[in-house]
Amino acid sequence: MPANKRPSKTKGGAGAPEGFTPQRFEKELKDLAAKAKEDTWGRHATDQVLVYVKSLVLLSLLGIYANVSQLALSPVYGSIPSSIYHSKILMVGCFVGWSGNLFLRQKLPLRTENLLPIVAIYIPFIQYFLYQFSDALGPKWGPAVTEGVTLFPLAALSAACVADYLEQAHLSMLPNFIAEAAPGIGSWGVFKLMESTVARHLGIYVGQAFIYTRLGMEILLGASYAIFSPSKFLFLVLPALFHTSFLNTHVQTSWSTAALNETMAAQNFTLLDRQESLTGYISVIESQEAGWRVLRCDHSLLGGDWVMVHGKRIPVKEPVYGVFLMLEAVRLVETEVAIADKDAQALNIGLGIGTTPTAFVEHGINTTVVEIDPVVHEFAVKYFGHKENNPPVLQDAVSYTAELAKAAPESYDYIVHDVFTGGAEPVDLFTLEFLQGLNALLKPEGVIAINYAGDFQLPAPRVVIRTILQIFPTCRIFREAAPDETRAKEDGQDFINTVIFCRKTEKPLTFRPAIEADYLGTQGRRAFLEPKHEVDVEELLAVDEEWGIMRKNETDKLTQWHVTSALGHWDIMRIVVPSKIWEMW
């Protein structure tokens, strides 16, 4: 050994590394153990967060799709019939998926979460074909069958996936009975919270962009499921993607609208325009054979004009529906001091195609229209020649009139209350409180005309009329057509439009005879302007007195009959417009 190389001296004995001690070794072992423990807890925390995040994402997507599914059904079936079995289908689907998650995991050919995007992307494809059987299925079972083969499997698979995820959740710190029940109850609560939250806010955005249309949202949701669970099996959705992209005429694109018009031409119909909005799917269609043009909202018609006779355009607008012409008779009500049109002020709540307010403007009456849906207003002006002498109030009528009644009471000589769609009245606009606001807005000699459409074999019309009579002491009611007792007995319904004319005073309500100027050069007003087919109020209200009147916190008095009324209205709409047109949107 070279002289300058000597063995190093260590405290640990011969051959031990310099600085090594048993204490240091023990410390290093403890550090490694602590690090390993930290890594284990970190991974555990990450895994637990991932479990809850994935569950939350799936429950949120299902909550959104539950609303979009209802929107997609409403143009073919209407919103009320579409909702009859909706909640039950979701509940059963979630229960089947949650309780049978192990069975599904073992028996399905693919992983449960890999099936989710396939089912979601096929939903528009399946809906499109099932709509063609709407007449055979009917308004009650059609939506149930459609959601049964679309939304039900999506709910079942989503619940099964969430159950799988939450099996990995560590809830040992909770009592056993809570740990067992908490995942299921919590998941259902999160889903219902998301569903209700989306329902409250979705209408604000519908129609503002392609992704907020019915098909746009379904496409976006399908893509979201695919991102959530990407897999090699996504090639199975190619047929559905091709159909939705190129063959589904419900997609709001210019080329699909052109394709839809080619199909509608075979039915002698033309689609002039369409747009989705906060009150529903709005479109303007024209019958080349019958010669009329109508404004559609979901599975209901808001009004229409005759535009052709024997294939030739007519120069004067002739409204299709007599009830809107009868509303104009509010001008014919006799008052102690006659009101000149040029001095009159009118408030029209609910626009439709604008038949009544346009007539008021043509008579020189200063008229304000309150309409909640901007697309309805746009189409009324663009396709039905709606005229205005004041800017429209595009707001909710309940809040607007409440504020107006405080700021400018007794402002109007005439008020027209004309709100209806889908076989049911908007209940908030028939409450005692809302009608009190309208009463406050009427001048002492003012007159109000209320269009009410409903099934007079149900208690709902009597509730509405009693509520109106609670506010206005003098009223007369007129049907659009005479009652057909034989048909009403056979059909089990008597669905009809009525106009209720009221005054603020107890003085008699009479009409002056119409003169030539009142007709505005139309044949329809000659036939329908002067009210006929009066309803005996005392006879009508002689039964069902226990239902009383309707206040704003008692709207269930009407909603409980909405299903029956809407189903009857659906049948009527299928007589007016062919089923194929409703199905094709």
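## Second largest pocket

Three elements, α18 (485-491), β12 (534-535) and α20 (537-540), each contribute at least two residues to the lining of the second largest pocket. The model is predicted. Among these elements, α18 gives the most to that lining, with three residues.

The volume of the second largest pocket is about 440 Å³. Its lining counts 15 residues. Which of them are the closest to its centre? They are Arg479, Pro483, Glu485, Asp494 and Glu539.

## The disulfide

How many disulfides does a search of the whole structure find? The search finds one. The bond joins Cys475 to Cys502, with an S to S distance of 2.1 Å. The angle about the S-S bond is 110°, and the link of Cys475 and Cys502 is right-handed. Cys475 sits in strand β10 (residues 474-479) and Cys502 in strand β11 (residues 495-503), so the pair ties together parts that are 27 residues apart in sequence. A disulfide is a covalent bond between the sulfur atoms of two cysteines.

Are Cys475 and Cys502 buried or exposed? Both are buried. Cys161, in contrast, is in no disulfide. The nearest cysteine sulfur belongs to Cys94 and is 12 Å away. The cut-off for a disulfide is 2.5 Å between the sulfur atoms.

## Other buried cysteines

Cys161 has a relative accessibility of 2%, so this residue counts as buried. The cut-off for buried is under 20% relative accessible area. Cys297 is buried too, with a relative accessible area of 2%.

## Nonpolar surface patch

Phe210, Ile211, Ile219 and Leu220 make a nonpolar surface patch of about 320 Å². One of these residues, Ile211, lies in the loop between α8 (176-205) and α9 (214-228). How accessible is Ile211? Its relative accessible area is 40%, so Ile211 is partly exposed.

Where is Gln168 found? Gln168 is in the loop between α7 (151-166) and α8. With 46% relative accessibility, Gln168 counts as partly exposed.

Gln168 and Val333 are 165 residues apart in sequence. In space, C-alpha to C-alpha, Gln168 and Val333 are 74 Å apart.

Note on methods:
Residues numbered from 1 in each chain as written. Predicted model: local features only at pLDDT ≥ 70, side-chain atom pairs only at ≥ 80, totals over all residues. Heavy atoms only, no water. Patch = residues over 30% accessible without salt bridge, like charges linked within 9 Å, V, L, I, M, F, W, Y side chains within 5 Å. Areas by Shrake-Rupley, 256 points an atom, 1.4 Å probe, with all protein chains shown as cover. Salt bridge = Lys/Arg side-chain N within 4 Å of Asp/Glu carboxyl O. Helix = DSSP H or I, 4+ residues; strand = E, 2+ residues; numbered from the N terminus. Buried < 20%, exposed > 50% of the residue type's maximum accessible area, 1.4 Å probe, protein only. 1 Å grid on protein atoms, 1.4 Å probe; cavity = no way out; pocket = protein on both sides within 12 Å on 5 of 7 lines; lining within 4 Å. Points joined across faces, edges and corners; volume = space filled by probe spheres on them.
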